[in-house]
Amino acid sequence: MQILSIAENFWNIRGSFRIGGVLNIGTQASLVQLASGRFVLLDSLRLDSTTRSRINRITEDGKLIDAILNLHPFHTVHVEAMHRTFPEARLYGTRRHHERFADLPWEPETTESPALHQLFAPELDFSVPRGVDFVSPNPNLHFSSVLVRHRASATLHVDDTLIYMRLPGPLQRLSQAGRLAFHPTLAQVLEKRPGAAAEFRAWAKALITDWADVRHLCAAHTHALTDPGSRPPMTRVAQALNRVESLLARHQRRYG
């Protein structure tokens, strides 16, 4: 487990998640300090002792953590563990979290709802993808999540919806190294109805424009983009959108 200091008020916690007990694709949570000096956790992880001790030092043994926001409806493995670690923090999740763990003390506002987004404005901005299933009937399709921008650190925290792939060592010189892309399940989660592709395209374009100041991007199962160089994250999102345009066009021709 690793903690990345993204900014003086934003820490990204990189954890392990193994498919079939073998392939480690990683996962994440983030610790954000608000202007009040208090903290919010974005997503849940089962913390090892070293990581928990460091977070405790930052947050006065967790007393300064106000809330845990679970942002991906299918990221549920560590929800109970994070609540046990910081039981005094207000617990938020998507509607699917509420249904899956009905015995946990959830706050009434779900993380995909405007009511929740207002609670943390203006320091945190939230965005929910449009035109796609937020909770797919197929539990293996994990495209959608609630994206969060922390304004003060210009950091975007995102699970699955956007992925950043970085190859190790000398392989980074290859053309595909360091690519930011939409999750490859996009074609399968686009809603099969007129207007869905157009809604997704419009959502992505608004994200690119409205969050143009983002400098850092923390993605769940891949890597954190903390040194964007000459191509800041939203420029890369625009390129990612261009790469899926043919997919969106095909969907639009079929469904309208």
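**Exercise 1.** Determine which residues point each way from strand β2.

*Solution.* Start with the sides. Phe 10, Asn 12 and Arg 14 point one way from β2, and Trp 11, Ile 13 and Gly 15 point the other way. Next, check burial (buried is under 20% relative accessible area, exposed over 50%, partly exposed in between; 1.4 Å probe, protein chains only). Six of the six residues in β2 (residues 10-15) are buried. Strands (E, at least two residues) and helices (H or I, at least four) are DSSP runs, numbered from the N terminus.

The model is predicted: local features need pLDDT of at least 70, side-chain atom pairs count only at pLDDT 80 or more, and totals for chains, interfaces and linings use all residues. Residues are numbered from 1 along each chain as its sequence is written, and side-chain values use heavy atoms, leaving out hydrogens and water.

**Exercise 2.** Find the strands that pair with β2.

*Solution.* Pairing requires at least two DSSP bridges between two strands. Take β1 (residues 2-7): it pairs with β2 in the antiparallel sense over five bridges. Ala 7 stands opposite Phe 10. A hairpin of two residues joins β1 to β2. Now take β5 (residues 27-33): it pairs with β2 over six bridges, again antiparallel. Here Arg 14 has Gln 28 as its bridge partner.

**Exercise 3.** Locate the buried face of helix α1 (residues 49-59).

*Solution.* List the buried residues: Thr 51, Ile 55, Asn 56 and Thr 59. Seen down the axis of α1, they fall within an arc of 135°, so they line one face. The arc is that of the directions from the helix axis to the C-beta atoms. On the other side, Ser 49, Thr 50 and Arg 57 are exposed. Finally, Glu 60 follows α1 with a positive phi, near 55°.
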